[in-house]
Amino acid sequence: MAKKITQRVSWVGKVDWELTRFHGDEYSTHRGSSYNSYLVRDTKVALIDTVWQPYDREFVSRLKEEIDLKKIDYIIMNHNEVDHSGALPELMREIPGTPIYCTKKGEAIIRGMYHEDWNFVNVKTGDTLSLGTTTLTFIEATMLHWPDTMFTYMDTDGGILFSNDGFGQHFASESLYNDSVNETELMYEAEKYYTNILNPFSALVAKKVQQIQAMDLPLSLICPSHGIIWKENPAQIIEKYLAWANAYQEDQVTIVYDTMWQSTRKMGEAIADGIRQATPETKVVIRNIAHDDKNDVLTDIFRSKMVLVGSPTINNGISFAIAGLLEMAAGLKFKGKKAAAFGSYGWGGGAVKIINTRLTEAGFELVNDGLGMTWVPDEEQIEKCRQWGSSLMS
């Protein structure tokens, strides 16, 4: 069902309560998500973004209930990943000649995915489209988070920024707005989204946000293409993005480990005790990566000033779960974070050295050579772990 947002704008998207995984199995969505599409009515009518392909027929059918499709004059595609452009083929079968406004790279991506010769109109930053009283202004946002991404600004109804993946979250709600959902849950999902989607492009995020601020645009709403619309104090998420884009960290240490027979776990817990003894004010988070959600663990790493990674030595290597986490961390390009490795082994060892290499490759600053111990740590070794943890805080 469509929902009226302002005098001219209606939400015509899809709330996906059942979504638990996104980007294949790369991203967990514990609170579901939504695919937000917006219908802007003036003398002319524009549709901004569509929905994910599994809901294409439902989307078009519901859109028909809201408007005669032939009255849609323009389609604006801010970003063309399949969760936003997936309903285009179904829609274009109904209104095949309707112009699609997108960046040049956006056209290339749409052609590459759907192999159709639709009526494309390429736009760049500063280009405008008049709907009558309303003017839409396009703002390229390259690599936030795909090469084709752009924002669309609407100058009526108090000023609305349609930001696609920027400022979004995977958060399902029928209420639409940030002032009608749990603020703590919402901000966590926004931070998790930034960590796992946008953090690799933080330098570009900061530059684009500063550019938008410099434009000094009136702004009553920020309407992303996933999750909640920022209605109450929309500037708050802009300020968060500026903070998150600047090598973000809190006074937190995250200890993430995998363990075979509990020896590495015991080391990690003793290390945590040592950190607390040295600096009680520091928040210490302990995560077993084999059991905990990888995207939530990465969000903890994003918040941390230091990360300690532990694995037993397995077949002269490290655990599958730790290896996967370090691969993801490398791709997310964390900045300004310290790190160290630890782990237990039997006769061969080697895990600590491998973790050190992976941490360095991922951009972490090693604080020491790491801590390795044989077999099951006894009381003397547990105390050594505590002392090692304390020493990291000096």
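Start with strand β20, which covers residues 338–345. A reminder before we go on: this is a predicted model. β20 is mostly covered, with six of its eight residues buried. Its partner is strand β19, residues 306–310. The two run parallel, and five bridges join them. To find the pairing on screen, look for M306, which stands opposite K338 in β20.

Now move to strand β14, residues 150–154. How many of its five residues are buried? Five of the five. Check both faces. On one side sit M150, T152 and M154, and on the other F151 and Y153. Both faces of β14 are covered.

β14 pairs with strand β13, residues 135–140, through five bridges. Those two strands run antiparallel. Y153 in β14 is the bridge partner of T137. β14 also pairs with strand β15, residues 160–164. That pairing is antiparallel too, over three bridges. Here Y153 stands opposite L161 in β15.

β14 and β15 make a hairpin with five residues between the strands. In that hairpin, D157 takes a positive phi near 55°.

That brings us to backbone angles. Most residues other than glycine have a negative phi, and most peptide bonds are trans. Let's look at some that depart from this.

Go to the loop between β13 and β14. M143 is found there. M143 is not a glycine, yet its phi is positive, about 65°. Is M143 buried, partly exposed or exposed? M143 is partly exposed, because its relative accessible area is 24%, which falls between the cut-offs of 20% and 50%. H145 has its place in that loop as well. The peptide bond from L144 to H145 is cis, with omega near 10°.

Next, H115. Where is it? H115 is in the loop between α4, residues 104–114, and β11. Its phi is positive, near 55°, and H115 is not a glycine. H115 counts as exposed because its relative accessible area is 62%, and exposed means over 50%.

β11 belongs to an open sheet of seven strands. Trace the order with me: β1-β2-β7-β8-β9-β10-β11. The pairing is mixed. Which strands are at the edges? β1, residues 3–4, and β11, residues 120–122. Each of them pairs on one side only. Inside that order, β2 (residues 9–11) and β7 (residues 38–41) pair in the antiparallel sense over three bridges. S10 stands opposite L39 in β7.

Apart from neighbours within four places in sequence, I72 is in contact with L39, V45, L47, L63, I67, I95 and T98. I72 and F167 have the most contacts inside the largest nonpolar core, which has 83 residues. There is also a second, separate core of 26 residues. Among its members are Y38, A46, L131 and F162.

Last stop, the surface. W347, W375 and V376 form a nonpolar patch there. Together they have about 470 Å² of accessible area. V376 lies in the loop between β22 (371–374) and α12 (379–391). Why call V376 exposed? Because its relative accessible area is 52%, and the cut-off is over 50%.

That's the tour. Thanks.

Note on methods. Residues numbered from 1 in each chain as written. Predicted model: local features only at pLDDT ≥ 70, side-chain atom pairs only at ≥ 80, totals over all residues. Heavy atoms only, no water. Patch = residues over 30% accessible without salt bridge, like charges linked within 9 Å, V, L, I, M, F, W, Y side chains within 5 Å. Areas by Shrake-Rupley, 256 points an atom, 1.4 Å probe, with all protein chains shown as cover. Salt bridge = Lys/Arg side-chain N within 4 Å of Asp/Glu carboxyl O. Helix = DSSP H or I, 4+ residues; strand = E, 2+ residues; numbered from the N terminus. Buried < 20%, exposed > 50% of the residue type's maximum accessible area, 1.4 Å probe, protein only. Core = buried A, V, L, I, M, F, W, Y, C linked by side-chain atoms within 4.5 Å. Contact = heavy atoms within 4.5 Å. Pairing = 2+ DSSP bridges.
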